[in-house]
Amino acid sequence: MTAYRSIVVGTDGSDSSYVAVEKAAALAGDAGATLYVACAYYPTDDRDVAAAADVLKDEAYQVRGSAPTNEILRVARDRATAAGAANIIEKAIVGEPVEGLLTLVKEVEADLLVVGNRGLNTLTGRLLGSVPSDVARKSRTDVLIVHTVR
């Protein structure tokens, strides 16, 4: 098997997404690959976040503005470093996660895209789609869906 040279992993700041970051980092460390840690977001203000949290309840972790993205990426970098990745590049992506990740994969000519499985087995995910299922369906590169949520 050819070693991966460039790996993209998506995170939204949830605990489960950091599990995917750690798995991607371990793979990158073993392969000596560059790890791109990406976080997609829509800029929001405090009013938008509060309104979304009322509606989304447990899914409110998905609502992020531009300021928390820096913190999410910092935590992801720390966890990736601890898991063995040496060459880490952080990418904040404005917009929808699936298209943002796929665009980044193409831009950096990544060999592997890593995401967590959150949303795969939910009713919302089955009806509206989820990041892991959508990237697996649309990606033209290898995709690793890490089992992060049971």
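This report describes the fold of one predicted chain, from its overall make-up to a few single residues.

## Basis of the model

The model is predicted: local features need pLDDT of at least 70, side-chain atom pairs count only at pLDDT 80 or more, and totals for chains, interfaces and linings use all residues. Residues are numbered from 1 along each chain as its sequence is written, and side-chain values use heavy atoms, with hydrogens and water left out.

## Overall make-up

The chain holds 6 helices and 5 strands. Helices (H or I, at least four residues) and strands (E, at least two) are DSSP runs, numbered from the N terminus. Read from the N terminus, the elements follow the pattern β-α-β-α-α-β-α-β-α-α-β.

Of the 150 residues, 43% count as buried. Buried means under 20% relative accessible area, exposed means over 50%, and partly exposed lies in between (1.4 Å probe, protein chains only). The accessible surface of the chain is about 8,400 Å², and carbon and sulfur atoms account for 51% of it. Such areas come from the Shrake-Rupley method with a 1.4 Å probe; for residues, only the protein chains shown count as cover. Among contacts in the chain with a separation of 6 or more, 74% join residues 24 or more positions apart. A contact means heavy atoms within 4.5 Å.

## The sheet

The 5 strands of an open sheet stand in the order E3-E2-E1-E4-E5, with parallel pairing. At the edges are strand E3 (87-94) and strand E5 (142-146), each of which pairs on one side only. From one strand to the next, the twist averages 25°. Axes are lines fitted to C-alpha atoms, for helices over the stretch in contact, and angles run from 0 to 180 degrees between N-to-C directions.

Two strands pair if DSSP finds at least two bridges between them. E2 and E3 run parallel and are joined by 8 bridges; cysteine 39 stands opposite alanine 92 in E3. Two helices are described here as packing on the sheet. H1 touches E1, E2, E4 and E5, and its direction makes about 170° with that of E1. Helix H6 (residues 131-138) touches E4 and E5, and its direction makes about 160° with that of E4.

## Strand E1

Strand E1 (residues 6-10) is largely enclosed by the rest of the structure, because 5 of its 5 residues are buried. In a regular strand the side chains alternate between the two faces of the sheet. In E1, Ser6, Val8 and Gly10 point one way, while Ile7 and Val9 point the other way.

E1 pairs with strand E2 (residues 34-41) in the parallel sense over 5 bridges, and glycine 10 has alanine 38 of E2 as its bridge partner. E1 also runs parallel to strand E4 (residues 112-116), joined to it by 3 bridges; here valine 9 is the bridge partner of valine 114. Together with helix H1 (residues 15-31), E1 and E2 make a right-handed β-α-β unit. A crossover is right-handed if, with the strands pointing away from the viewer, the path from the first strand over the helix to the second runs clockwise.

## Threonine 11 and its surroundings

Threonine 11 lies in the loop between E1 and H1 and is buried, with a relative accessible area of 6%. Its side chain makes a polar contact with the side chain of serine 17 (2.7 Å). A polar contact is a pair of N or O atoms within 3.5 Å; within protein, one must be able to donate a hydrogen and the other to accept it, and residues adjacent in sequence count only if both atoms are side-chain atoms. Beyond four places in sequence, the contacts of threonine 11 include Tyr18, Val37 and Ile72.

Tyrosine 18, in helix H1, is buried at 5% relative accessible area. Tyrosine 18 and valine 75 are 57 residues apart in sequence and 8.5 Å apart in space, C-alpha to C-alpha. Valine 37, in strand E2, is buried at 0% relative accessibility. Between valine 37 and threonine 11 there are 7.2 Å in space, C-alpha to C-alpha.

## Glutamate 109

Glutamate 109 lies in the loop between helix H4 (97-108) and E4. This residue is exposed, with a relative accessible area of 62%. Most residues other than glycine have a negative phi. Glutamate 109 has a positive phi of about 55°, although it is not a glycine.
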